[in-house]
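Dear colleague,

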Amino acid sequence: MPLLVGGGAMAAAVLVGDPSLFNVLFCPPSMPRRSLSLGGKNLMLHQPPKPISPRLILCRSGAGALDPAAPEKEIPKVREGGRDQRKAVRIAWEKLVRWSRSWRSKAKTDVVERTKKVVVLGGGSFGTAMAAHIAGKKAEMEVLMLVRDEDVCRGINETHFNRKYFPNHMLPENVFATTNARDALLGADFCLHVVPVQCSSSFLEGISQHVDPKLPFISLSKGLELNTLRTMSQIIPQALRNPRQPFVVLSGPSFAVELMRKLPTAMVVASKDKNLAGTVQQLLASPHLRISSSSDVIGVEIAGALKNVLAIAAGIVEGMNLGNNCMAALVAQGCSEIRWLATKMGAKATTLTGLSGSGDIMLTCFVNLSRNRTVGLRLGSGESLDDIISSMNQVAEGVSTAGAVIALAEKYNVKMPVLTAVARIIDNELTPKTAVLELMGLPQVEEV
């Protein structure tokens with residue numbers, strides 16, 4: 001039996017068992033008519049010029065009624081529309097490519113051309129990856145790493161490997177290392193600061209006599225100084241006793257190992273000096289590293305610091321097997337708390353939705369390569385913080401930064417339940433289980 005959708009005369013045709021009635025259902029009024037006797041009533045039907053034998057008849061006019069007078073042009077031309085859409089997409093893409101080529105042709109490259117020496121303060125994973133990245137832009141450029149470990153220094157100079165962090169990645173031949181601050185800083189055009197935040201002040205005070213007052217500092221260190229609540233934009237000029245020391249902060253979703261492997265990465269440089277931000281943008285940008293610029297220094301710094309604390313919270317949820325719903329709710333709440341505090345401190349809300357905000361938060365909270373997430377995961381699994389820290393060969397900045405969260409929240413009168421709970425867990429004042437129960441028991445309030 002054919003499939004029937006609709007009613008009226010067509011249904012009657014099926015009921016009386018007369019298939020020929022299917023041939024007279026959709027003919028225009030101009031066609032000749034014939035009458036049909038059905039149940040004692042005469043029905044006027046259109047006579048088509050040719051028989052039609054549809055297997056599937058669909059009603060187009062709704063409520064089971066048929067509309068034989070509906071014009072054929074109402075049927076959408078799917079293929080033609082698809083072609084139009086594909087054409088529009090192709091044109092939009094071609095415009096984007098033309099704009100990109102035009103922009104690149106006008107972009108300045110003189111920064112790299114005139115740069116002869118870059119110093120990297122710190123021999124950790126990210127410092128090593130950035131040294132390799134910059135050295136790869138020009139073979140004639142000297143990239144000198146200031147490190148503390150004599151073995152790391154010797155390995156870089158003799159074998160071009162940082163065996164401690166990247167045993168399988170050979171460094172460019174123009175990357176060198178030294179333990180002497182004077183040698184490292186002498187004649188440098190740019191300085192990348194990749195020293196952990198909690199050590200930065202004392203470290204910089206010790207080398208300040210070798211720092212040129214006009215040497216631009218590019219800070220990659222994320223966090224807040226525990227006792228003073230200072231950011232790197234405050235620590236660096238104060239430690240160097242030079243309030244006008246050129247400063248840029250570099251942040252964004254970036255794992256050192258992926259940068260070393262030249263996988264596509266995007267970051268942001270922020271400075272109050274627009275020209276300096278543009279200069280550093282030129283220095284660092286490459287086909288696999290996209291660099292955006294910003295003037296919102298405080299927004300980039302606060303997001304980069306507090307996302308590490310939020311990553312510990314995300315790790316705790318994972319370690320306790322609390323599920324994806326809980327993870328999504330916690331991270332969303334944490335993002336709001338970071339936004340509340342950052343805007344109170346003068347940051348732009350848009351910064352918190354960009355690379356240094358949402359981008360870095362997603363990477364740090366959801367990917368296993370994150371050191372801070374790993375700390376949280378192990379805490380949630382029942383390990384003690386002392387055992388976790390002693391087993392790590394890299395610094396998880398969120399552990400120290402968490403202690404500054406409560407003080408900041410009080411200073412700016414901002415409620416930050418999730419990040420405060422992390423700080424209390426780290427201080428051994430709450431267990432992860434108790435913290436979760438208390439957070440779930442908070443009042444039901446309007447989302448802001």
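This is a predicted model: local features need pLDDT of at least 70, side-chain atom pairs count only at pLDDT 80 or more; totals for chains, interfaces and linings use all residues.

The largest pocket holds about 1,400 Å³ of space, and its lining is made up of 47 residues, with Gly124, Ser125, Arg371, Gln394 and Val395 lying nearest its centre. Several helices supply at least two residues each to this lining, among them α4 (125-135), α13 (355-366), α14 (371-380) and α16 (397-411), although α7 gives the most, with 4 residues. Sorted by class, the lining of the largest pocket comprises 24 nonpolar, 15 polar and 8 charged residues.

The second largest pocket has a volume of about 1,100 Å³ and is lined by 34 residues, of which Gln333, Pro417, Val418, Leu439 and Leu442 are found nearest its centre. Two or more residues of that lining come from each of α11, α12 (324-344), α17 (417-426) and α18 (432-440), and the lining divides into 25 nonpolar, 4 polar and 5 charged residues.

Of the 14 residues that line the largest cavity, Ser221, Lys222, Gly223, Val249 and Glu301 lie nearest its centre, while β10 (247-251) and α11 (297-319) are the elements that give two or more residues to the lining. The largest contribution to the lining of this cavity is that of α11, with 4 residues, and by class the lining has 6 nonpolar, 6 polar and 2 charged residues.

With best wishes

Conventions
Residues are numbered from 1 along each chain as its sequence is written. Side-chain values use heavy atoms; hydrogens and water are left out. On a 1 Å grid over the protein atoms alone, a cavity is a set of points where a 1.4 Å probe fits but cannot get out, and a pocket is an open set with protein on both sides within 12 Å along at least five of seven lines; lining residues have an atom within 4 Å of a point. Ala, Val, Leu, Ile, Met, Phe, Trp, Tyr, Cys and Pro count as nonpolar, Asp, Glu, Lys and Arg as charged, and the others, Gly among them, as polar. Grid points are joined across faces, edges and corners, and a volume is the space filled by probe spheres set on the points.
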